[in-house]
Structure formats: C-alpha cells, structure tokens
Amino acid sequence: MRVFTTGQLLGTVVAVQANFYKVQLDQDVREPGSRGAGEEVHLDSPLPLYPLSLLLCTRRTRLKKIGQQVMVGDRVVVEEPDWAGGRGAIAEVLSRQTQLDRPPIANADQILLVFAVADPPLEPYQLSRFLVKAETTGLDVVLCLNKSDLVSPEIQQQISDRLLAWGYQPLFISVEKQINIDQIAKYLSNKITVVAGPSGVGKSSLINALIPDINLRVGEVSGKLARGRHTTRHVELFELPNGGLLADTPGFNQPDVDCSPEELVHYFPEARERLAVASCRFNDCLHRDEPDCAVRGDWERYEHYLEFLADAIARQTQLYQQADPESTLKLKTKGKGQSQYEPKLESKKYRRTSRRTQVQGLQDLYQEEE
Ligand SMILES: Nc1nc2c(ncn2[C@@H]2O[C@H](COP(=O)(O)OP(=O)(O)OP(=O)(O)O)[C@@H](O)[C@H]2O)c(=O)[nH]1
Ligand SMILES: [Zn+2]
C-alpha cells in the first residue's frame, strides 16, 4: 500500500452511485504488516459492516469546487477512513492514463471483445463493426471467440486464418467446456478491461467463470446478475481473483462507428500495414477511386471500409447541416464522378477530432438493447 501521509490511502473507484464512490483500497488493511491508517483495526473485533478493503466515500468539497469529477476507474487518495462504518473521503484524483466518456471509465487498458463462433453465427460484417468501434477508443483490443465447442478444429483454423489476415489473433474459448479460460484470465490480470460484444455470445457466462463469487458481489441486482441490464449509464468494476478489474456493460448490437472519414482508415490494421510501407498520391485520399492509392486493393475488409466510409461521410454532412442549416453546401466533385459535400466555410467546431475525443466515442458500444 502506498501511504502518502498518515491516514491517507490509495485506491481505485469501482462504482459510482449518486454522490457516493465505492473505493477499493490497494491493499486489505486487515493484512498483518500493512501500515498506516489501520491502527485502530483489531482483527478480533466484531466484523465491520463493510469489507475493510472497500470504503464508501464522498468527494471532498475542495474537489467539488474545482469541478474535479470522479469516475469509475479513477485512482484516488482517500482520507479520514472510518473503518467501523466503512466510510472515507476522496481527497485527490490522480491523473488519468485513459478516459472513456460513454461509458464513463478512467484508466481502462483494453477492450475484451467477445463473439461466438456459432449460435449466434459469426457475422463478419458485425464483427468488423465492433472491431473498428473498439479501435476508435485507442485501447488495446483482445478478441475472443466463445463456444468453440460447437465447431470443429478445422473450422476454427479457417476462422483463425481469416481473422489473422484482418490483423487480429483470436483466442478460441469455451465457457461451457472450460477451454482457454485460464488464458483469458492471464490477459486480464492486473489490467482494467472493458468487456464488449453482441447479445448471446456468452459474456455473462464468461464473467461468471472468471469471477466465481460475482453473484455475491452484485447481490442487490436480481435476475441476470451483473449485466447492468436495467441501467443505462451504470458502470461497475469487478475485481478479478488474480488482480485486475473488469468493467461489465450492457450488451449492444450494431455499434455506430462515429469517426471522421479521414481517420477511419487508421482503424483497420490491414490498411495501417499498407500505409506503413507506402503512401497515397494525395494527402487527403479517402482511398476510394483516387489514383495511386496505397490502401485500395484486394484485402477482404476493403468492402467494409467503403461501407463505413459512406456512413462517416453521410454523418459528417449531417453534422455540417445541423451546425448551420442556412449554409449552402456545395457538392464538390473530385476526379471521375466521385463527389462529396463540403462546407464553404470550415467550422471551428468540426475541425479534425483529436485523439482525446476519439477516446470518448464508445457510446454506442453501451447502448442498451431494447
Ligand atoms: N455451446 C456453448 N454455449 C455457451 C457457451 N458459453 C455460453 N453459452 C450459452 O450461450 C447462451 C448465452 O450466454 P450468455 O452468457 O447469457 O450471453 P451474453 O453474451 O451474456 O448475452 P447478453 O446478456 O444478451 O449480452 C447461454 O445459453 C449459455 O449457456 C459455450 O462455451 N458453449
Ligand atoms: Zn488512398
């Protein structure tokens, strides 16, 4: 445990409920030999209401005054622990390594994308969409394919080869047959991981397998536990037995890829690979039918790229129109019959999005299914 000064503790915010923050301390203060703050705790005294490594905290007035928000995943300094009551106060928020705004999660390291090889069938286009969406966050993407018990090793090899060409190495698992669950656990250890994937692929089953006592931890939620099904923006981090935290989120079906047309290409590893060794003739190439394009070619997902690009352009046009309905959009024609709406005046609001804003775009991953 990193002790800043006497009485200060370091921990991670694992849940936010109204103005209360559930903070998991870095070390269970009951452990013998742990220092600081724990002096008043006697191991033989009656058990407090709260586990000692978990404190329900408020936010110091000073933080409110400076407008410092506290998010799930935040690393915080806790003061004035009241061990008997399981309470404390957040005095400081350490600077964030990463930040997702929708859902609000600080310091996530990676996205665990869960799909199934069958039941529901693996849909390349849907998978592609999820992958691109995940790439827009800037976090690492771990792809795991569940229900491997339902297809032969030959089929698995075919899927694997295909996805390798996309730039991803899938991990085949089966929650039901307990295949490669320990492998997944290794990937997740000591990291903050956001779980995502369509409905019915086995996310709940996987989480239950990874965290056997999760039912106890989410005892207040009834029915299908821990999936946050009844809340839109509720995010909770669950502790993995071997260290690390898992952000469970509601399922989602077809996430919208909401990036600009220019940046889309960077979310395809295959295209990135091409651009690493060659350049397009034009700086603002959108890789459609421009001459001397380094990206266009016979890679499987090029078709997906074109479809997402059309969406991105349509969305951008709509944005411009919303920004200034009076503005006359002129249809700019490029090369052979290729056309695109461009505003006459560049609006400051819509200049190229920064990496920072890109990182905020997970919203659609977490839209609740109807
Ligand atoms: N054959 C097989 N079935 C599995 C496996 N893992 C999960 N299932 C089944 O798949 C179905 C869906 O599993 P869930 O864990 O509810 O899937 P989910 O992704 O959480 O679904 P949502 O809650 O709708 O997002 C259940 O009937 C599971 O029993 C597996 O490895 N093999
Ligand atoms: Zn190009």
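Is Gly167 buried, partly exposed or exposed? Gly167 is partly exposed, with a relative accessible area of 44%, where buried means under 20% relative accessible area, exposed means over 50%, and partly exposed is in between, computed with a 1.4 Å probe on protein chains only. The structure is a predicted model, in which local features need pLDDT of at least 70 and side-chain atom pairs count only at pLDDT 80 or more, while totals for chains, interfaces and linings use all residues. Residues are numbered from 1 along each chain as its sequence is written, chains are lettered from A and ligands numbered from 1 in the order in which they are written, and side-chain values use heavy atoms, with hydrogens and water left out.

Gly167 lies in the loop between α3 and β10 (171-172), the helices (H or I, at least four residues) and strands (E, at least two) being DSSP runs numbered from the N terminus. Although Gly167 and Glu270 are 103 residues apart along the chain, their C-alpha atoms are separated by 6.0 Å. Glu270 belongs to helix α8 (residues 269-277), whose buried residues are Pro269, Glu270 and Ala271. These buried residues of α8 pack against α2 (124-136) and α3 (153-166), with contact meaning heavy atoms within 4.5 Å.

Cys285 is buried, with a relative accessible area of 7%, and Cys293 is buried with a value of 13%. Not counting residues up to four places away in sequence, Cys285 touches Cys280, Glu290 and Cys293, whereas Cys293 touches Cys280, Cys285 and His287. The UniProt annotation "binding site" covers Cys280, Cys285, His287 and Cys293; UniProt positions are given in the numbering used here, feature names are shortened, and annotations may be inferred rather than shown by experiment.

Elsewhere in the chain is strand β11 (residues 192-196), where 5 of the 5 residues are buried, so the strand is largely enclosed by the rest of the structure. Both of its faces are covered, with Ile192, Val194 and Ala196 buried on one side and Thr193 and Val195 buried on the other. Strand β8 (residues 110-116) runs parallel to β11 and is joined to it by 4 bridges, two strands being paired if DSSP finds at least two bridges between them. Within this pairing, Leu113 stands opposite Ala196 in β11. Strand β13 (residues 245-248) is also parallel to β11, with 3 bridges joining the two, and Ala247 in β13 is the bridge partner of Val194.
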